[in-house]
Amino acid sequence: MKIALIGATGFIGSAILKEALARGHEVTALVGHPEKLAAAAHLTALGTDVLDSAKLAEQLTGHDAAISAFSGHAQSNVYEYYMQGMHAIIDATKRAGVTRLLVVGGAGSLEAAPGLLVIDTPEFPAQWKGTAQGALDALHLLKQDATLNWTMLSPSAMIAPGQRTGKFRLGTDQLLVNDKGESTISVEDFAVAMIDELEKPAHARHRFTAGY
């Protein structure tokens with residue numbers, strides 16, 4: 001499959017890139033600094049400006065799917081930058097005629113309890129509020145789009161480097177918690193869940209989550 005991966009040098013994006021290449025997909029990495037990516041078989045690295053919707057649409061054209069691992073973590077105005085980027089990515093995907101958009105979401109938009117989102121719990125870290133609110137509003141943005149074939153994958157509360165086990169649970173809108181009260185997923189297994197969804201779509205126009 002020919003995939004355009006936005007944000008392929010980031011924490012989650014780099015894991016998705018590794019998983020996609022390991023499965024033999026052709027990947028166009030759309031990044032701010034393509035020189036950061038080492039050459040690899042089936043990989044094309046292109047510099048992009050996510051906020052330039054017209055240019056991004058040109059770069060997305062001809063791909064079977066787009067995956068967005070875009071985030072605004074490095075920006076001072078995280079929320080505003082992220083939302084501008086998501087508007088541009090959605091617009092560019094549609095203009096390019098790409099049939100599927102898969103998006104890395106956040107755990108903050110999941111339910112910790114019925115009617116209570118993780119982002120609204122007292123223990124939610126203040127430094128991640130902007131990112132989490134952006135991911136939540138991006139989910140609303142996708143749900144409001146009547147034509148785009150989208151899927152969002154939200155991680156568990158804790159996503160960190162670990163092992164690729166290929167063994168995890170899937171859920172929908174509720175935070176997944178194990179019998180110890182922990183909500184975790186390795187970034188490697190998160191990437192497995194994303195590429196599984198790419199290859200065998202099961203959550204068209206829905207959000208889902210993965211965790212142990």
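## A partly exposed loop residue

Asp 52 is partly exposed, with a relative accessible area of 33%; buried here means under 20% relative accessible area, exposed over 50%, and partly exposed in between (1.4 Å probe, protein chains only). Asp 52 belongs to the loop between β3 and α2 (53-60). Helices (H or I, at least four residues) and strands (E, at least two) are DSSP runs, numbered from the N terminus. The C-alpha atoms of Asp 52 and Ala 92 are 8.8 Å apart in space, although the two are 40 residues apart in sequence.

## Basis of the model

This is a predicted model, in which local features need pLDDT of at least 70 and side-chain atom pairs count only at pLDDT 80 or more, while totals for chains, interfaces and linings use all residues. Residues are numbered from 1 along each chain as its sequence is written, and side-chain values use heavy atoms, with hydrogens and water left out.

## Overall dimensions

The protein contains five helices and 12 strands. Its radius of gyration is 16 Å, which agrees with the value near 17 Å that a compact globule of 212 residues would have; the radius is taken over C-alpha atoms, and the globule rule is 2.2 Å times the number of residues to the power 0.38. Along the principal axes, the C-alpha atoms fill a box of roughly 45 × 35 × 30 Å.

Of the 212 residues, 50% count as buried. The protein exposes about 9900 Å², of which carbon and sulfur atoms supply 54%; accessible areas come from the Shrake-Rupley method with a 1.4 Å probe, and for residues only the protein chains shown count as cover. Among contacts (heavy atoms within 4.5 Å) with a separation of 6 or more, 70% are accounted for by residues 24 or more positions apart.

## The eight-stranded sheet

Eight strands form an open sheet with mixed pairing, in the order β3-β2-β1-β4-β5-β8-β12-β10. Its edge strands, β3 (43-47) and β10 (169-171), each pair on one side only. From one strand to the next, the twist averages 20°. Two strands are taken to pair if DSSP finds at least two bridges between them. Strands of a sheet pair through backbone hydrogen bonds, either parallel or antiparallel.

Strands β1 (residues 2-6) and β2 (residues 26-31) run parallel and are joined by five bridges, with Ile 6 opposite Leu 30 in β2. Further along the sheet, β4 and β5 pair in the parallel sense over three bridges, and Ala 66 stands opposite Leu 101 in β5. Four bridges join β5 to β8, again in parallel; there, Leu 102 has Thr 151 of β8 as its bridge partner.

Helix α4 (residues 129-144) lies across β5 (101-104), β8 (150-154) and β12 (206-211), and runs at about 155° to β8. Helix α5 (residues 187-199) also packs on the sheet, where it touches β1, β4 (65-68), β5, β8 and β12, and its direction makes about 165° with that of β5. For these angles, axes are lines fitted to C-alpha atoms, for helices over the stretch in contact, and angles run from 0 to 180 degrees between N-to-C directions.

Within α4, Gln 133 is partly exposed, with a relative accessible area of 29%. Beyond residues up to four places away in sequence, Gln 133 touches Tyr 79 and Ile 119. Its C-alpha atom is separated by 8.8 Å from that of Gly 106, 27 residues apart along the chain. In the loop between β7 (116-117) and α4, Thr 121 is buried, with a relative accessible area of 10%. Thr 121 touches Ala 112 and Leu 116, not counting residues up to four places away in sequence.

## Nonpolar cores

A nonpolar core is a set of buried Ala, Val, Leu, Ile, Met, Phe, Trp, Tyr and Cys residues joined through side-chain atoms within 4.5 Å. The largest has 33 residues, and those with the most contacts inside it are Ile 16, Leu 17, Ile 67, Phe 190 and Met 194. Two or more residues come from each of β1, α1 (11-22), β2, β4, β5, α5 and β12. The most are given by α5, with eight residues. Another core, of 27 residues, lies apart from this one and includes Ile 6, Ala 57, Phe 70 and Leu 148.

Ile 67 is in contact with Ile 3, Ala 4, Leu 5, Ile 6, Ile 16, Leu 102, Met 194 and Ile 195, leaving aside its neighbours within four places in sequence.
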